Amino acid sequence: MAYLAAALVLIGLLAAVNLLFTVGVVRRLREQTRELAELRGAGIAGGDVALTAGSPVADFSGTDVDGHPVSFAGLGDRPLVGFFSMSCSACREKLPAFLAFAAARRGGADRLLAVVVGSAEESVELVSQLRPVATVVTEAEDGPIQRAFAVTGFPAFVLVRDGVVEASGFDLTPVAERDAAMPVGCGRAGPVVRSAARRALALAGRAAPAQLAAYLALAVVAGVVPLAFAWLTKLLVDGLAGGDMGWPEAAALVGALAAAGVAAALTPHAGRYLRAEMGRRIGEAAVERLYAAMDRLVGLARFEDPVFLNRVQLARSSGAGGPGMVVEGGLGMVQAVVTLVGFAGTLFLLGPWVAVVVVVAAVPALLAELSLSRRRARMTVEVGHAERRELFYAGLLTDTAAAKEVRLFGTGPYLWRRMAAEIRTVNLAHRRVDRRELAVQGGLALFGALLSGGLLVWSVRAALTGALTVGDVALVLAAVGSVQGALAGLVGEAVSMHQALLLFGHYLEVVDAEPDLPVRRPARPAVALRHGIELRDVWFRYAEDQPWVLRGVDLVLPAGRSTALVGVNGAGKSTLVKLLCRLYDPTRGAVLWDGVDLRDLDPGELRRRIRAVFQDATHYDLTARENIALGDLTALDDPGRVERAARRAGVHELLSGLPRGYETPLTRIYLTEQAGADPAGGVQLSGGQWQRVALARALVHERPDLLILDEPSSALDAEAEHEVHARLREHRRDRTSLLVSHRLGVVREADHIVVLAGGRLVERGDHDELLALGGAYARLFALQARGYRSAAQELSR
């Protein structure tokens, strides 16, 4: 009895420790959930902080506006530091949201530091607003606290944990997402996770319904088999030990055990096949939805947003596989629950307290594993920027276009060291999480071993006293091991599913992203251009804290006439082209298509009426025919149109002379080892040849309402440029066109020339009128002409 009592005392102590641990974890998780809700509610955008996640914060000390000392050590746990400048309009605009967030944040002013940059006189009003909710410090530009946190723009925000940056910079909303790894149903984070789970399962059900149903049935069978095996073993052992079992009963039990063994052997292989097939189908559907959502983005703003691009990378690399991981984790949990319920019921029959202790002992493991899942999901987000930079450096080191400069300038070692530093950053983040997991899971394993030992002592003592049979002891041993295994499986699958849901959240944010440009419903149709396109008092800047690129531009592109746009680099020419294509909307003013605001038109219909050659035109790793036909997909099956476009661009002879003509790939990246140097497998074009292909792509649409040519001959030699522009003049006759070029010799025959400088239209007229005006156009023309005259004089000597 003494051994039995000792075992019971040991189990009781373990249960008490387990309970205290559980209470502490639950409290911490609830606190983090409330903080998550506060951060999500704020959604404050910020400026630039050079420190990235994982960077140590430099020490600082100072005095707040009330004369009290301020230091990093005195800021408490996980302080948030906000930086404001009185010269920053965005700071004033975002101040109300920051104040609301600060007032709601747990910990109050002790955990929130506001640094106001500027003179005390300028900052009085801002300081008075911040003082009730934060510790406020004022300092001059590039003060000690700014240097400690490496702040380079305003407003900026840094969230710190244990002296290391947890998140910083543009937007605190991703911080909320990184803190969002909560147990399902805990606080207000639960509905978000449950919604993601429902959508993942719905996607799986649509993509692979038969495989999903079969996998569910297989999970139930796999959960029942261990229970059946254990009970059949108990019955066989008890029968043999009692000596009263006949051969027919023994044979039946042996046959049942053999059948259970066959099922146990086959279910893993069948499950592996169903998982793979289901993953393929779900992944295909998820990727299709992801890129369809990306294609729905009307403008370019999201593609130039680093936060959004980081989310896209996560959605593409991990989020798109989320539904399959969720289904796999969910069905794995079904299997574990079936096994767990069966064996817990078995233990309850043998001793109710045993079942309670075993099940309750799993709670700390569940919570600890979920906490690790949060940490790993947060780490995945934090290293996203480093992984993108690593891919950037890897691309430079292997890219054909960059190879010339890398080798000529000897920059390979420098780029490799930069890439290696990013790899070390990623590895360091993984190493920290791995070490944390080692410590936590090692402690949980030790806890489970002690619990198993206590139950083993109890069952053996009970069998010696006659309270249990030999078969019962075997059943207890099998049940304890199976319950612990099922609980470990349940926890593991829950953690995997939870982490998949967190990553799937990035996928959903991309898929559900609202258009970056408003689309009116119902939109007005974009009819054929009759009168012209007007830019009416157009102002534009790329962000609120960025300078104006266009300032009060008034311009009319008359229908059926050619207009040339001239200006130095940075004058705003390419930005104006983007506004005409409605890749951005004006910050102020309007762009009108026959008097109708572009924002009222259907973007797809509008763009079908516009064709453009951009100065950074894309090189598609496709065939020559596809490279041209992408300008109008209806030409894919019309070789005649493709050839006519190529002739107008002066590239037909080149493409028709390739090894496979227009079916030759304009790339070498698809060559296999067997293909070797076979030119039919693909060719490389020069820069000028690619520019002609891009021009043909714009010209394959034979009757566009607006043709935009943005530096269409910048990569051509003088003879080729003359030939191309002669062809283009004929093609543009009586058509609405805009020609953008630095080379004034090619714009002189335009019907109308406008000069853009500093974001404003400073001159307009035809070539002769602008020369007579003696302004910016005449000066630029004279500079270019002087260069040609000097060259001619040198040649004549």
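Two strands count as paired if DSSP finds at least two bridges between them. In this predicted model, strand β10 (residues 562–566) and strand β16 (residues 752–757) meet that description, running in the parallel sense over 4 bridges. One of the links can be picked out by eye: Ala-564 has Ile-753 in β16 as its bridge partner.

Zooming out, β10 and β16 belong to an open sheet of 6 strands, ordered β13-β14-β15-β10-β16-β17 with mixed pairing. β13 and β17 (760–765) sit at the edges with a single partner strand each, so one side of each has no neighbour in the sheet. On average, neighbouring strands here are turned by 15° against each other, ignoring direction.

Helices also come up against this sheet. α22 lies across β13 and β14 (706–710), at about 175° to β13. Helix α23 (residues 718–732) packs on the sheet too, touching β10, β14 and β15 (737–740), and its direction makes about 160° with that of β14.

Next comes the largest pocket, with a volume of about 1,500 Å³. Its lining takes in 43 residues, and Asp-295, Leu-583, Arg-607, Phe-614 and Tyr-620 lie nearest the centre. Elements giving two or more residues to this lining include β13 (610–613), α22 (687–699) and α8 (247–296). Sorted by class, the lining has 25 nonpolar, 7 polar and 11 charged residues.

α8 has a helix partner as well: its axis and that of helix α10 (residues 322–350) come within 8 Å and cross at roughly 145°, in a right-handed crossing.

Definitions and conventions: Residues numbered from 1 in each chain as written. Predicted model: local features only at pLDDT ≥ 70, side-chain atom pairs only at ≥ 80, totals over all residues. Heavy atoms only, no water. 1 Å grid on protein atoms, 1.4 Å probe; cavity = no way out; pocket = protein on both sides within 12 Å on 5 of 7 lines; lining within 4 Å. Points joined across faces, edges and corners; volume = space filled by probe spheres on them. Nonpolar A, V, L, I, M, F, W, Y, C, P; charged D, E, K, R; others polar. Axes fitted to C-alpha atoms, helices over the stretch in contact; angles between N-to-C directions. Left-handed = near helix turned anticlockwise from the far one by under 90°. Contact = heavy atoms within 4.5 Å.
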